[in-house]
Amino acid sequence: MRISIIGTGYVGTVTGTCFAHLGNEVICVDVDPSRVERMNAGIPPIYEEGLEQLLREHAGKNLKATLDYDTAIANTDISFICVPTPSDENGKIDLRFIREASRSIGRRLKDKKSYHVVVVKSTVVPGTTEQIVTPVLEEESGKKAGKDFGVGMNPEFLREGKAVHDFQHPDRIVVGADDPKAAGIIKSLYAGYSCPILEADTKTAEMIKYVSNAFLATKISFSNEVGNICKRLGIDTYKVMEGVGLDARISPHFLRSGLGFGGSCFPKDVKALVGKASEVDYEPVLLKTVLAVNDKQPEIALRILKKHIPDLRGARVAVLGLAFKDDTDDIRESRAIPLIGMLLAEGATVTAYDPMAAEFMKKVYPAIGYAKTAGDALDGADACMIATEWGEFARLNGEFARMKRRIVIDGRRMVDPRGKDIVYEGLCW
Ligand code: UGA
């Protein structure tokens, strides 16, 4: 099929490239000339495992990028809207880019003779496709949705860093559409997939995406709460969750306690769902608590550190890990941000290390120290705090000998203290 992708962020680039790899003709549209240039040269605008190889294989062949909506809409049969949906200062979803993309597509649909399907892939609050995208498309094109063109909602379930893998090996595909013709066309794109394909109306599809993320975030906050209790009881919460996760109804995933969840999705999506619930006059007690537990974890880490060093003024603290999780350079909502903020407020001197994300953290904290290796960050430190689950932290050993005081507060269960000459405390264990 001939597909256009609106927006070349991580969802758009991965979706476009993977659709091209499935044999489709893909045109990606972006407003940023440098992104378009990079895509056409086969250079991914973002880091994603396995993406560069696929992009190089298809760029300039059945995958092209352009600044020009006219070409993209005129020469394709289906468009995926993959633009960002950030939160505003109150946590409410900002749909500006969704509106702009819908307007731009709608204008081009006006003169288009053949049937075209517009699919929202961005994460949007329930009702957005029906109440914003469809009316804007109809207004700009002067045509009728469900008759002259189709509208759908096809959420993504791609983890950052593993997005290509997740696109190619999904647990399920959700096809939201308010008319059967559009649903059939979207479904046909996934004809080769063996996973379940669930059909729903667009607002149900939108809700499935939010609820999936909110549920995973809830599992993490639940594990953190249990972990905070277990630590006080002298029980190893990781053993507890291993036993709990063996129940097939619960599953072993997303039960790792520690500093909590960050990233561009969980915090934003849970907040947006809280906001939507309030709009319809419902007090989402559980979801608010999921956020509150998450916000508390860095504070608890600091409290544990202060048990060992009550006055942090002048103390040197090495913070290992800045990205919101391993295998990414993304620091959005990283738990390291509030952690470093609190350490600085207490008067500590911070030296940070991250294998990928340091350059981005320099924009948030230009005045702290940045080390080239974990060992260098630990050099002369009074304490070490582990904030990200990078595999290399599990291999640290002799490096701890470089510390002045060997106090290690582990926020991600990375270090096995056995046989190591360190004072070790886990956040929840
Ligand atoms: C998440 C979802 O996992 C994807 O399915 C979804 O498509 C994506 O959001 C999205 O909405 O686009 P992502 O934000 O890339 O993906 O990251 P995750 O791997 O889910 O991790 C999120 C955060 O939770 C990280 O900070 C991680 O450290 C933390 N986490 C994860 C825990 O604290 N404990 C766990 O057991 C698992």
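Reply: Begin with the elements: helices (H or I, at least four residues) and strands (E, at least two) are DSSP runs, numbered from the N terminus. The model is predicted, so local features need pLDDT of at least 70 and side-chain atom pairs pLDDT 80 or more, while totals for chains, interfaces and linings use all residues. Residues are numbered from 1 along each chain as its sequence is written, and side-chain values use heavy atoms, without hydrogens and water.

Me: How many cavities of 30 Å³ or more does the search find?

Reply: On a 1 Å grid over the protein atoms alone, a cavity is a set of points where a 1.4 Å probe fits but cannot get out, and lining residues have an atom within 4 Å of a point. Points are joined across faces, edges and corners, and the volume is the space filled by probe spheres set on them. Here the whole structure holds three such cavities.

Me: What lines the second largest cavity?

Reply: Its lining consists of L259, A301, L339, M385, I386, I409, D410, G411 and L427, around a volume of about 40 Å³. At least two residues each come from β12 (383-386) and β13 (407-410). For residue classes, Ala, Val, Leu, Ile, Met, Phe, Trp, Tyr, Cys and Pro count as nonpolar, Asp, Glu, Lys and Arg as charged, and the others, Gly among them, as polar. This lining has seven nonpolar, one polar and one charged residue, whereas that of the largest cavity has nine nonpolar, one polar and four charged.

Me: Which residues come nearest to the ligand?

Reply: A residue is near a molecule if one of its heavy atoms lies within 4 Å of it. Of the 22 residues around the ligand, E160, K209, N213, F324 and E389 come nearest. The shell divides into ten nonpolar, three polar and nine charged residues, and α9 gives the largest share, three residues.

Conventions
1 Å grid on protein atoms, 1.4 Å probe; cavity = no way out; pocket = protein on both sides within 12 Å on 5 of 7 lines; lining within 4 Å.
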